[in-house]
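Visitor: I would like to learn how to read the packing inside a protein model. Could you take me through it feature by feature?

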Amino acid sequence: MMKKTYYISLNPSSMDAVSEMKVPESGYQYEIQATEEEMEALQDLLTVTQAHDVDERNLLTFRHFDDRYAIADRNEYQEGLSNVFKALYELGTPETKQAIEEIHLNE
């Protein structure tokens with residue numbers, strides 16, 4: 001399979017923003033090389049992670065005021081974000097890998 005270049009923004013309001021072109025006004029973007037299948041898997045991971053952050057069950061209830069749920073929700077979101085960074089590191093260009101290493105998110 002042929003790999004293509006993609007740019008991923010991890011802006012909280014558009015974490016699932018993926019582009020085949022670098023978009024300067026979208027903030028920092030991670031450049032990756034991925035096959036169509038790898039890109040689909042990453043897109044799913046991005047969508048699930050962002051959706052968890054704005055999960056409607058949390059918006060329509062008072063769960064976020066209950067520490068038991070709030071801690072579990074934060075842990076699930078953090079785990080999702082960690083998985084996103086692992087995938088970005090695996091697929092990333094040398095510059096992307098270096099950027100992730102500098103913020104210690106490839107561990």
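Guide: What follows is a dialogue on the core, an aromatic pair, a loop residue and a helix.

Guide: This is a predicted model, in which local features need pLDDT of at least 70 and side-chain atom pairs count only at pLDDT 80 or more, while totals for chains, interfaces and linings use all residues. Residues are numbered from 1 along each chain as its sequence is written, and side-chain values use heavy atoms, with hydrogens and water left out.

Visitor: Which residues touch the most other members of the largest nonpolar core?

Guide: In soluble globular proteins, nonpolar side chains tend to be buried together. A nonpolar core is a set of buried Ala, Val, Leu, Ile, Met, Phe, Trp, Tyr and Cys residues joined through side-chain atoms within 4.5 Å; buried means under 20% relative accessible area, exposed over 50% and partly exposed in between, with a 1.4 Å probe and protein chains only. Here the largest core has 18 residues, and Ile 8, Leu 10, Ile 32, Leu 42 and Leu 88 touch the most other members. Two or more residues come from each of β1 (4–9), β3 (29–34), α1 (36–53), α3 (67–91) and α4 (94–102), where helices (H or I, at least four residues) and strands (E, at least two) are DSSP runs numbered from the N terminus. The most, seven residues, come from α3.

Visitor: What kind of aromatic pair do Tyr 30 and Phe 85 form?

Guide: Rings of Phe, Tyr and Trp (its six-membered ring) pair if their centres lie within 6.5 Å, and planes under 30 degrees apart count as stacked, over 60 as edge-to-face and the rest as tilted. Tyr 30 and Phe 85 are edge-to-face, at 5.7 Å centre to centre with 90 degrees between the planes. Because Tyr 30 lies in strand β3 and Phe 85 in helix α3, the pair ties together parts that are 55 residues apart in sequence.

Visitor: Why does Thr 93 count as buried?

Guide: Thr 93 counts as buried because its relative accessibility is 8%. Thr 93 lies in the loop between α3 and α4, and, leaving aside neighbours within four places in sequence, is in contact (heavy atoms within 4.5 Å) with Glu 31, Ile 32 and Gln 33.

Visitor: Which residues of α4 are buried?

Guide: An α-helix has 3.6 residues a turn, so residues three or four places apart point the same way. In α4 the buried residues are Thr 96, Ala 99 and Ile 100. They fall within an arc of 95 degrees seen down the axis of α4, so they line one face of the helix; the arc is that of the directions from the helix axis to the C-beta atoms. The face of α4 turned away from the buried side carries the exposed residues Pro 94, Glu 95 and Glu 102.
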